[in-house]
Amino acid sequence: MKADISSELRIISVKATATKLNAGRSTLYTWLDTKSPHYKPDLPKPVHQGSSVGFIEHEIDDYIRGLM
């Protein structure tokens with residue numbers, strides 16, 4: 001049986017996401033910008049919580065695994 005999804009969800013900051021991807025914050029935002037020549041359409045989209053922005057950790061981990 002599948003584990004409870006709420007136990008799997010962890011939102012990490014933009015800074016932590018950039019660190020996991022070995023990139024700077026501005027590079028991360030460039031990769032997310034659809035108008036940028038460096039746009040990465042398969043990169044997980046950020047989630048917004050009020051004025052805070054973050055990424056779902058397991059989505060970033062899956063993205064990194066996909067790059068290997």
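Student: What sits over the ring of tryptophan 31?
Tutor: The charged end of lysine 40, 4.6 Å from the ring centre. A charge counts as over a ring if NZ of Lys or CZ of Arg is within 6 Å of the ring centre and within 35 degrees of the ring normal. Keep in mind that this is a predicted model, where local features need pLDDT of at least 70 and side-chain atom pairs count only at pLDDT 80 or more, while totals for chains, interfaces and linings use all residues. Residues are numbered from 1 along each chain as its sequence is written, and side-chain values use heavy atoms, with hydrogens and water left out.

Student: OK, helix 3 then. Which of its residues are buried?
Tutor: In helix 3, residues 25-32, they are Leu28, Trp31 and Leu32. Buried is under 20% relative accessible area, exposed over 50%, partly exposed in between (1.4 Å probe, protein chains only). Helices (H or I, at least four residues) and strands (E, at least two) are DSSP runs, numbered from the N terminus.

Student: Why are they on the same side of helix 3?
Tutor: Because they cover an arc of only 100° around the axis, taking the directions from the helix axis to the C-beta atoms. In general, an α-helix has 3.6 residues a turn, so residues three or four places apart point the same way.

Student: And what do they pack against?
Tutor: Helix 2 (14-20) and strand 3 (52-56). Leucine 28, for one, touches Val14, Thr17, Ala18, Leu21, Leu43 and Phe55, not counting residues up to four places away in sequence. Contact here is heavy atoms within 4.5 Å.

Student: How many residues are in the largest nonpolar core?
Tutor: It has 12, among them Leu28, Trp31, Leu32, Phe55 and Tyr63. Helix 3 gives the largest share, 3 residues. Such a core is a set of buried Ala, Val, Leu, Ile, Met, Phe, Trp, Tyr and Cys residues joined through side-chain atoms within 4.5 Å.

Student: Switching to glutamate 57: buried or exposed?
Tutor: Buried, with a relative accessible area of 17%. Glutamate 57 is in helix 4 and, leaving aside neighbours within four places in sequence, is in contact with Arg10, Ile12 and Lys20.

Student: Last one, the strands. How does strand 1 join strand 3?
Tutor: Strand 1 (residues 11-13) runs antiparallel to strand 3, with 3 bridges. Pairing needs at least two DSSP bridges between the strands. Strand 2 (residues 47-49) also pairs with strand 3 in the antiparallel sense, over 3 bridges.

Student: What's in the turn of the hairpin?
Tutor: Strand 2 and strand 3 have 2 residues between them, and glycine 50 in the turn has a positive phi of about 65°.
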